[in-house]
Amino acid sequence: MVFLQAVANGVMLGGVYAAAGVGLSLIFGVTGIVNAAHGELMMLGAFTTYWLARSHGVDPLLSLPVAFLLLATFGYGLQRFVLNRSVGAPLLVSLLATFGLSLVLVNAALRLWSADYRVLSVPYLDRSLHLGEVVLPYTRLVAGGLGLLMVAGLSALLARTPLGRAMRATAQDWEMAQLAGIDTRRVFALTVALGVGVTGAAGSLVAYFTNIHPYMGLTYTLFAFAVVVLGGMGYIPGVLYGGLAIGLAQAFTETYLEAGLSLMVAFLLLYVMLSLRPAGITGRGRVE
Amino acid sequence: MRRLGLPAALVAGLALLPLVAGPYLVRLLAVIFMWGALASAWNLLAGYAGPVDLGPVVHYGLGGFTVAVLLTRAHWPFLPALAAAGGLAALVAYAVGTPTLRLRGAYFAVGTLALAEALREGALSFDRVTGLTLTGGSHGITFPLGPGTTYFYYVLLAILALALAAALWLEGSRFGYGLRAIRENEVAAAASGIDVLALKRWAYCLSAVLIAWVGGTAGYWLTYINANEAFGPTITFQMVVMAILGGLGTPFGPLLGAAVLVLLAEVLGTRLLYAYLIIIGLVIMAVSLVFPQGVVGLARLRLRPRARPAVPAERRVAES
C-alpha cells in the first residue's frame with residue numbers, strides 16, 4: 001500500500017514537474033537561452049496566485065490565467081529589451097544574465113514580501129479522494145492534472161498553429177527562418193513570453209500544495225533542469241517522461257528515505273543520465 | 001622576474017601593514033583578501049579553462065566543515081586541519097570532476113549548482129539520517145575561540161598570494177596555454193593532442209583546494225559554520241560576480257572585483273543587504289549582456305559554438 005501511495009504521489013507530482021520544465025525546454029529549444037531564473041519566475045507565479053487569493057479573494061484556479069498573462073508580459077519585455085542581446089552569443093552569456101536576473105528577483109521579493117513562509121488554502125480542495133487505501137489529496141490531483149493539460153496545450157500550439165510552426169522553424173535554423181520571411185525577433189519574444197507565462201502558471205500550481213516564499217525558486221530551477229535533461233533538452237514532449245521520473249524519484253525518496261534528500265536523488269539521476277544518455281530518456285533531445 | 005617584482009613588493013608591503021594600521025583597516029583588508037582569494041581561485045577554472053563552476057561552495061563548505069570537525073572533535077591545531085581540508089577538497093574535486101567536467105557549458109554550470117544544493121540538503125539532514133553528530137544539522141558547529149583578526153589577515157593574505165601566483169603561472173606556462181586552448185575551442189584543443197579532461201580536472205582541483213582553504217579559514221575566523229550558509233548560493237553569487245566584474249581570465253581582475261564589491265558592501269552596510277544583492281544581480285546582467293566584448297574580458301571566454309549557425313558577436317553588435 002505504501003508503495004502504491006508513493007507511485008500515486010509521484011505521478012501527481014510528475015504532472016506539476018512536467019509543467020515546471022516545459023517553459024525551460026521551450027525557451028532553450030527556440031532561443032538557445034538557458035534560463036537560470038526559471039524557478040524565480042515560478043516564485044512570481046506562486047505569489048501572484050497567493051496575493052490574488054489573499055487580498056482580492058480570487059479563486060486560485062481562476063488566478064492561473066492571470067499569472068500566465070502577467071508573467072507572459074514580463075517575459076515578452078524581458079526578451080525584447082534585455083535578453084535579445086544574448087541570442088546567438090555563447091550559452092554562457094544568457095546563463096549569466098539570467099543568473100543575475102534570479103538574484104534581482106529573489107532579493108526584490110525578499111524586500112517586498114519578507115522571507116516568511118506563506119500557505120495558500122483552497123477550502124473546497126482540502127479533502128482527498130480515496131481509492132482503496134491510496135489517498136489522493138485534491139490539491140495535488142488538480143495541480144498534477146492541470147500541469148499535464150498545460151503541457152498538452154503547449155504541444156498542440158507548437159504542432160498545429162502558424163505561430164507554432166514559426167517557432168519550430170526558428171528553433172531549427174533561425175537564419176533560414178529569417179530568410180523565409182519569419183520575423184525571428186518577434187518569434188523569440190513570443191516564445192519567451194509563452195515559456196515564461198507557462199512557467200508562472202506552473203508556479204501557481206505549486207502554490208496549491210507547498211509553502212510560498214522568496215527562496216523557493218532555486219530548488220525548482222534545479223528540478224526543472226533535471227526534468228528537461230531527463231526528457232531531452234529542447235524536445236517538448238520529453239518533459240512528460242522527465243517530470244514523471246523526477247516526480248517518482250522524489251515521492252520514493254520521501255517515502256523510503258528522507259524528505260530532505262530528494263534533490264540529491266534528482267541530482268544523481270541527472271548525472272547518470274548525462275553520463276549515459278545525454279539526449280534524454282527518449283534520445284530525442286539536443287546534445288549541446 | 002620583472003613581472004613578479006611588483007606583486008611581490010605589494011605582498012611584502014601588505015605583510016607589514018598590520019604593524020601600523022588600525023584594527024578596522026586590518027579587518028577590512030582581511031575581508032578583501034578572503035573574497036579576492038575566492039574569486040581568484042574560481043577564475044583559475046572559469047577564466048582560464050572555460051567551465052563555469054556554479055557550485056564552488058561545494059569546496060568552500062567542505063573545507064569549512066573539515067576544519068570544524070578536526071578542530072572540535074580531533075582537537076587538531078588549525079594549520080594541519082587546514083592542510084587536511086585542502087587534501088580532502090582535492091580528492092573530492094578529482095572524483096566529482098571526472099564525470100562533471102565532461103559536461104559542456106550550461107550542463108556543467110547547472111550540474112555543479114545542483115551538486116552544491118544537494119550537498120546543502122545532505123549536510124542539513126546528515127545527522128538526522130545517520131544518527132551521528134557531524135554537521136550539526138541546521139544548528140551548525142561552533143569553533144573553539146581562535147586567535148585575533150591579525151592572524152587571519154596573514155592566513156588569508158597567504159592564500160590570496162598563492163591564488164594570484166597560480167594565475168600568473170597559468171599566464172605563462174605550458175599548462176596555462178593548454179587550458180586557454182581548451183577555452184577557445186575544446187575540439188581543436190583535443191585534436192592537437194591536449195588531454196582536455198585531465199587539464200580541466202587539474203585546474204578544477206587547484207581551484208577547489210584554494211577555495212577549501214578559504215572556507216576553513218573563514219569558518220574559524222567567524223567561529224561558526226552551518227550548512228545552509230556554507231553550501232548556500234549567496235557565496236557563489238558573490239564569487240562569480242567579483243570575478244566577472246574584475247575580468248575573467250586576468251590574473252588580478254578578480255581581486256579588483258572583490259575589492260570593489262567588498263567596499264560597496266561596506267558602504268551600503270548590512271541594513272541594505274537586499275539592495276546590495278539586487279545591485280550584484282544587475283551588475284551580472286549588465287556585464288554579461290552589455291559588455292560581452294571586452295571591458296571585463298568576458299569575450300575571452302568562448303564556449304563551443306552552438307550546433308546551429310550563430311551570428312558572430314561583432315555582427316550582432318553592429319545590428320543592434
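**Figure 1. Right-handed crossing of α4(B) and α9(B) in the predicted model.** Helices α4(B) and α9(B) form a right-handed crossing in this predicted model. Their axes, for α4 (residues 78–100) and α9 (residues 196–222) of chain B, come within 8 Å and cross at roughly 145°. On α4(B), the residues making the contact include Ala81(B), Ala85(B), Gly86(B), Ala89(B), Ala93(B) and Gly97(B). Those contributed by α9(B) include Tyr204(B), Ala208(B), Ala212(B), Trp213(B) and Gly216(B). By class, 15 residues of this contact are nonpolar, five are polar and one is charged. An α-helix has 3.6 residues a turn, so residues three or four places apart point the same way.

**Figure 2. Helix α3(B), residues 57–72.** Of the 16 residues of α3(B), 15 are buried, so the helix is largely enclosed by the rest of the structure. At 1.5 Å a residue, α3(B) should span 22 Å, and its end C-alpha atoms are 22 Å apart, which agrees.

**Figure 3. The side of chain B that touches chain A.** Here 45 residues of chain B are in contact with 40 residues of chain A. The elements of chain B giving two or more residues to this side are α5 (105–130), α11 (233–246), α13 (273–290) and α14 (313–319). The most come from α5(B), with 16 residues. On this side of chain B, 31 residues are nonpolar, seven polar and seven charged.

**Figure 4. Chain B as the setting for the close-ups.** Chain B has 14 helices and two strands. Buried residues account for 53% of its 320 residues. Among contacts in chain B between residues at least 6 apart in sequence, 78% join residues at least 24 apart.

Technical notes: Residues are numbered from 1 along each chain as its sequence is written. Chains are lettered from A and ligands numbered from 1 in the order in which they are written. This is a predicted model: local features need pLDDT of at least 70, side-chain atom pairs count only at pLDDT 80 or more; totals for chains, interfaces and linings use all residues. Two residues are in contact if their C-beta atoms, placed from the backbone, lie within 7 Å. Helices (H or I, at least four residues) and strands (E, at least two) are DSSP runs, numbered from the N terminus. Ala, Val, Leu, Ile, Met, Phe, Trp, Tyr, Cys and Pro count as nonpolar, Asp, Glu, Lys and Arg as charged, and the others, Gly among them, as polar. A residue is buried if 20 or more other C-beta atoms lie within 10 Å of its own, exposed if 12 or fewer, and partly exposed in between; C-beta atoms are placed from the backbone. The expected span of a helix is 1.5 Å times one less than its number of residues. Axes are lines fitted to C-alpha atoms, for helices over the stretch in contact, and angles run from 0 to 180 degrees between N-to-C directions. A crossing is left-handed if the near helix is turned anticlockwise from the far one by less than a right angle, and right-handed if clockwise.
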